[in-house]
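Hi everyone, thanks for coming. Let's walk through one protein chain together and look at how its parts are arranged.

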Amino acid sequence: MASLFRSEEMCLTQLFLQVEAAYCCIAELGELGLVQLRDLNQSVSSFLRKFVNEIRRCEVMERILRFLETEMEKADIVVQDNGENCPAPLPKNMIDLEVVLEKLENDLNEVNRNQKTLKQNFLEFSELKHLLKKTQDFFQVTCVSVKRDMNIKLEFRSLACLEPTFICLSGCFRFIAGVIRRERIAAFERLLWRACRGNVYMKQSDMDVLLEDPTTLEPVQKSMFIVFFQGEQLRHKVKKICNGFHATMYPCPESAVERREMEAVVKSRIDDLTTVLNQTESHRRRVLQEAAKNLRNWQVKVKKIKAIYHTLNLCNIDVTQQCLIAEMWCPVADVGRIKKALNRGKERSGSSVAPIMTMVQTNMAPPTFNRTNRFTAGFQNIVDAYGVGAYREVNPAPYTIITFPFLFAVMFGDCGHGAILLGFSLYMIIHEKNLGAQRGSNEIWDTFFNGRYLTLLMSIFSIYTGFIYNDCFAKAFNIFGSSWHVHAMFHNGTWDAHVLENNVLLQLDPAVPGVFSGNPYPFGIDPIWNIASNKLTFLNSYKMKMSVILGITQMTFGITLSLFNHIYFKNTMNILLQFVPEMIFILCLFGYLVFMIIYKWCHYTVHTSRFAPSILIHFINMFLFNYSDSSIEPLYEHQKEVQSLLVILALIAVPWMLLFKPFILLSNHRKAQLRFNFGDIFVHQAIHTIEFCLGSISNTASYLRLWALSLAHAELSEVLWTMVMHIGLSSASWAGLIGVFIIFAIFAVLTVAILLVMEGLSAFLHALRLHWVEFQNKFYSGTGYKFNPFSFKTILDGNPDE
């Protein structure tokens with residue numbers, strides 16, 4: 001747990017590996033996932049490094065595996081994944097894997113080529129079969145006497161007006177029959193008429209069945225045609241037009257007997273092709289099913305091999321070409337585990353020379369490594385999204401685990417909405433193993449799933465604040481009974497029947513004995529406020545002051561955490577010249593504001609509450625030193641002296657932060673006779689001072705978003721209940737009984753869409769801003785860089801943040 005509060009202590013080590021053992025040692029380090037190797041060949045191009053040929057071989061295998069996976073998807077074959085983490089194969093076994101994959105690719109390519117050829121033949125014979133059937137209809141026309149000579153040019157107004165009034169087959173006429181795509185038939189017919197100047201006669205008919213294109217495997221609609229013409233010149237023109245429109249021309253005998261004989265032959269060939277195609281498809285599926293059993297293991301092996309050789313390219317090779325030299329960052333606490341992994345790699349490779357690992361002293365900034373698990377990873381990601389912490393500075397993540405869901409719940413507080421969010425979170429957590437295996441298909445779903453423990457705490461805190469606000473779908477719980485009672489107003493004589501008849505609204509007076517019991521509601525807000533007309537006024541005051549208290553408390557806690565940073569880095573100057581004046585400034589002004597709020601709550605009772613002064617007026621007069629107005633009663637004795645002292649201390653803290661540190665640093669550098677840029681340091685300190693003083697005011701006001709969003713959420717919930725659900729429940733007829741189901745469905749959809757999704761996202765973003773800007777900037781620099789270890793798990797998951 002130490003690394004959760006502060007990043008792990010890291011060390012830079014130098015590693016000497018024998019060339020024969022380097023592959024196995026790096027493989028073991030990848031399985032361990034605790035070292036980050038530095039690139040010692042930055043000046044060398046990626047194409048000139050030692051193991052570039054091995055990486056290319058891995059890329060070829062990856063291409064083959066992608067090809068196999070694509071073919072399996074086309075064939076609807078499920079790839080089997082047993083979840084086995086197979087080790088990286090030895091370099092000598094890499095050749096066997098290459099041979100297996102290349103043979104499989106060649107076999108599959110050959111099967112695909114044969115299948116494509118067979119499908120093309122099947123398509124052609126199917127088209128010819130339909131064409132022969134239709135051609136018989138084309139030729140069954142009545143022969144009438146031709147009134148004009150055959151040499152006279154036939155004139156037609158349009159092909160659409162043509163009627164098969166005569167076709168007399170003799171040696172004078174020729175014809176071409178074929179098949180064309182249906183969407184091209186109109187343009188084909190039009191061009192044929194214009195190019196041949198009306199000297200052709202064409203008949204066409206649509207195919208009743210869809211035929212599969214062997215290239216695209218998509219069903220296509222086709223039409224059959226037959227064109228009659230006279231002369232060799234027209235034959236050449238017709239053939240060119242057919243080729244231009246990619247029409248398939250088939251030989252068609254003139255004799256009906258020959259056509260029937262050809263049709264019988266075609267049917268026989270189609271039957272043979274159907275048998276061969278079925279056998280080819282069965283063989284192809286068997287090949288793919290066998291490959292599907294090992295595909296995941298092959299992918300894991302290839303990825304591991306490629307990652308190992310990429311990592312080996314980061315290492316240097318000594319002049320003897322017998323030793324690899326690597327530099328790597330690793331956690332000090334895991335050095336023993338790393339050495340054991342290196343020894344396992346040496347034994348696996350059969351080498352007799354043990355790897356040598358030595359620590360190196362360096363001035364380089366180490367990477368930041370915070371250990372996380374499934375629960376803490378989401379909160380750590382929220383912090384890292386702002387900026388990765390500097391090495392060994394305080395980590396905000398453990399505090400964010402509590403404060404982030406709590407601030408979210410302050411804005412989202414509702415028992416009912418929190419319960420729905422809790423059910424959604426528990427579903428993701430209970431089924432996280434199955435849902436985790438499906439990650440990657442939807443980015444939005446992956447975001448929700450990765451933050452499942454975050455939403456769990458957000459929902460729990462929302463239910464808690466819902467009980468505090470006594471709010472569940474805009475309704476209140478009356479578990480313990482209200483502390484306010486009406487009968488005392490009648491017993492006192494303040495109310496009677498006449499008052500009830502003449503007043504729409506009546507006000508309970510807590511000063512009347514028996515109206516208020518004197519004891520607050522045991523947990524949360526009294527349920528009577530849910531029906532009070534001044535409910536909004538009361539909640540405004542309550543939530544606004546609560547927001548100020550929570551905000552100042554969190555900011556003060558952030559400044560306190562900066563003290564732990566100064567103590568750890570032994571920076572006494574920052575403690576005296578930065579932490580102390582910051583605490584004086586914020587406590588003297590805004591800490592005193594919290595004191596006044598709590599003091600007013602505790603000091604004034606129901607009998608004296610009407611004389612309670614305004615805290616805002618007192619706070620403004622505190623800065624103006626205005627105490628001359630006798631109409632403003634002081635909160636306590638010696639208030640003037642206390643407030644004047646606090647303002648003076650806050651004013652003293654400003655030059656304390658601004659001036660002392662730059663001049664002390666200048667003096668120290670002059671004594672040591674070192675060069676020192678006083679201007680830069682002074683400007684930096686001035687920026688920090690101005691930012692802190694103005695930021696304390698603006699950040700306090702920023703926490704009022706807790707009040708604003710909480711009220712907005714409560715009012716939206718009440719509007720939905722009043723405008724939707726209340727309408728369905730107020731109807732007493734049979735139609736109302738049926739309509740309540742419809743209205744409830746509308747109410748549920750609007751609740752999820754508006755209050756859970758939109759309002760939930762809004763509250764999440766505002767809580768995120770409060771942590772990044774108002775809380776973390778008090779102590780967290782976020783100027784480090786993340787520890788990115790060489791890990792097979794990270795590479796295979798494709799998610800470096802997990």
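How many helices and strands are there in the protein chain? The answer is 24 helices and 11 strands. Please keep in mind that this is a predicted model.

Now for the overall shape. The radius of gyration of the protein chain is 42 Å, whereas a compact globule of 802 residues would have one near 28 Å. Along the principal axes, the C-alpha trace spans about 130 × 100 × 50 Å. Of the 802 residues, 43% are buried. If we take contacts with a separation of 6 or more, 81% of them involve residues 24 or more positions apart.

Let's turn to the aromatic rings. The whole structure has 43 aromatic pairs. One of them is Phe51 with Tyr309, a tilted pair with 5.6 Å from centre to centre and 35 degrees between the planes. Phe51 sits in the loop between β2 and α3, Tyr309 sits in helix α7, and the two are 258 residues apart. Both Phe51 and Tyr309 are buried.

Phe590 and Phe619 make another tilted pair, at 6.5 Å centre to centre and 50 degrees between the planes. Here Phe590 belongs to helix α18 and Phe619 to helix α19, 29 residues apart.

Why does Phe590 count as buried? Because its relative accessibility is 5%, and buried means under 20%. Phe619, with a relative accessible area of 12%, is buried too.

I'll finish with a group of rings: one aromatic cluster includes Phe5, Tyr386, Trp772 and Tyr780.

Notes:
Residues numbered from 1 in each chain as written. Predicted model: local features only at pLDDT ≥ 70, side-chain atom pairs only at ≥ 80, totals over all residues. Heavy atoms only, no water. Helix = DSSP H or I, 4+ residues; strand = E, 2+ residues; numbered from the N terminus. Rg over C-alpha atoms; globule rule 2.2 N^0.38 Å. Buried < 20%, exposed > 50% of the residue type's maximum accessible area, 1.4 Å probe, protein only. Contact = heavy atoms within 4.5 Å. Phe/Tyr/Trp six-rings, centres within 6.5 Å; stacked < 30°, edge-to-face > 60°.
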